[in-house]
Amino acid sequence: MKKQVALSILALSLGLFPFQPTQAAWDPPTLSAVSNGLHAFWGGILTRLGIGYAYPMVYSHRNIELTPCGPSLLAHYCADSNTIHLNMVQMDKLVERVGDSAGFFALAHEYGHSVQKHLGILDKNLPIMVLELQADCLAGAFFAATDELGILEPGDVKEGAITAMMTGDYDYEHTVRPVV
């Protein structure tokens, strides 16, 4: 992904041409830009649907930290506090293995859980598989929008798909509903 993703998505929502993107890196300014892009993307969609959207706070940790929903092992969303927690050491390892878009997909997936909360989906006591696959789908919707803007680089969609397969909860039959 490119550093100016937030500006490009904002430009799209205003009907302007997207800005010329620059090379991305998995660093705090890019993390902030992608987070802002996700705010603009989901905030705009939910507002048009007449649904109020409180943007989740994103916290990055360099160590395993105890969050309101448990330890920050990789990335997770806390519905009660509407927060996303990222263990940056583990995210850096994921990005090294898969590519820069792996981190952005993981973040977009967690935003997907926030969207689920605002739509009332998390309150329906659905199977974890449904919630996780839907969050992957919502992350994919964000990737598709940024791809249409020409923000994604070759291979970014593949990196997102690999990330979903690597980090997804796959033992659904024996999994108790965890913090999403």
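**Note on the predicted model**

1. Val58 is partly exposed, its relative accessible area being 25%. In this note, buried means under 20% relative accessible area, exposed means over 50%, and partly exposed covers the range in between, with a 1.4 Å probe and protein chains only. Val58 belongs to strand S1, which covers residues 57-61. Apart from neighbours within four places in sequence, Val58 is in contact with Ser35, Ile84, Leu86, Leu107 and Tyr111, where contact means heavy atoms within 4.5 Å.

2. The model is predicted, so local features need pLDDT of at least 70 and side-chain atom pairs count only at pLDDT 80 or more, while totals for chains, interfaces and linings use all residues. Residues are numbered from 1 along each chain as its sequence is written, and side-chain values use heavy atoms, with hydrogens and water left out.

3. The protein chain holds six helices and five strands, arranged along the sequence as α-α-β-β-β-β-β-α-α-α-α. These elements are DSSP runs numbered from the N terminus: helices are H or I runs of at least four residues, and strands are E runs of at least two.

4. Of the 180 residues in the protein chain, 47% are buried. The accessible surface of the protein chain is about 9,100 Å², and carbon and sulfur atoms supply 59% of that area. Such areas come from the Shrake-Rupley method with a 1.4 Å probe, and for residues only the protein chains shown count as cover. Among contacts in the protein chain with a separation of 6 or more, 67% are between residues 24 or more positions apart.

5. Which residues does the disulfide join? The structure holds one disulfide, and this disulfide links Cys69 to Cys78 with an S to S distance of 2.4 Å. The criterion is a pair of cysteine sulfur atoms within 2.5 Å. The two cysteines can be described by accessibility: Cys69 is partly exposed at 22%, whereas Cys78 is buried at 0%. Cys137, by comparison, counts as exposed, with a relative accessibility of 53%.

6. How do helices H3 and H4 pack? Two packed helices are described by the angle between their axes and the distance between the axes. For H3 (residues 88-98) and H4 (residues 100-118), the angle is about 130 degrees and the axes are 6 Å apart. H3 is therefore oblique to H4. The axes are lines fitted to C-alpha atoms, for helices over the stretch in contact, and angles run from 0 to 180 degrees between N-to-C directions. Angles under 35 degrees count as roughly parallel, over 145 as roughly antiparallel, 65 to 115 as roughly perpendicular, and the rest as oblique.

7. In this packing, Met91, Leu94, Val95 and Val98 of H3 meet Asp100, Ala102, Gly103 and Ala106 of H4. The residues of the contact comprise six nonpolar, one polar and one charged. In that classification, Ala, Val, Leu, Ile, Met, Phe, Trp, Tyr, Cys and Pro are nonpolar, Asp, Glu, Lys and Arg are charged, and the others, Gly among them, are polar.

8. Val98, a residue of helix H3, is buried, with a relative accessible area of 15%. Not counting residues up to four places away in sequence, Val98 touches Glu159, Ile162, Thr163 and Met166. The C-alpha atoms of Val98 and Gly160 are 8.7 Å apart, although 62 residues separate the two along the chain.

9. The loop between strand S4 (75-78) and strand S5 (83-87) includes Asp80. Asp80 is exposed, with a relative accessible area of 81%. Pro68 is twelve residues from Asp80 along the chain, and their C-alpha atoms are separated by 8.2 Å. Asn82 also lies in the loop between S4 and S5, but Asn82 is buried at 9%.

10. Most residues other than glycine have a negative phi. Is Asn125 buried or exposed? Asn125 is exposed, with a relative accessible area of 63%, and its place is in the loop between H4 and helix H5 (128-148).
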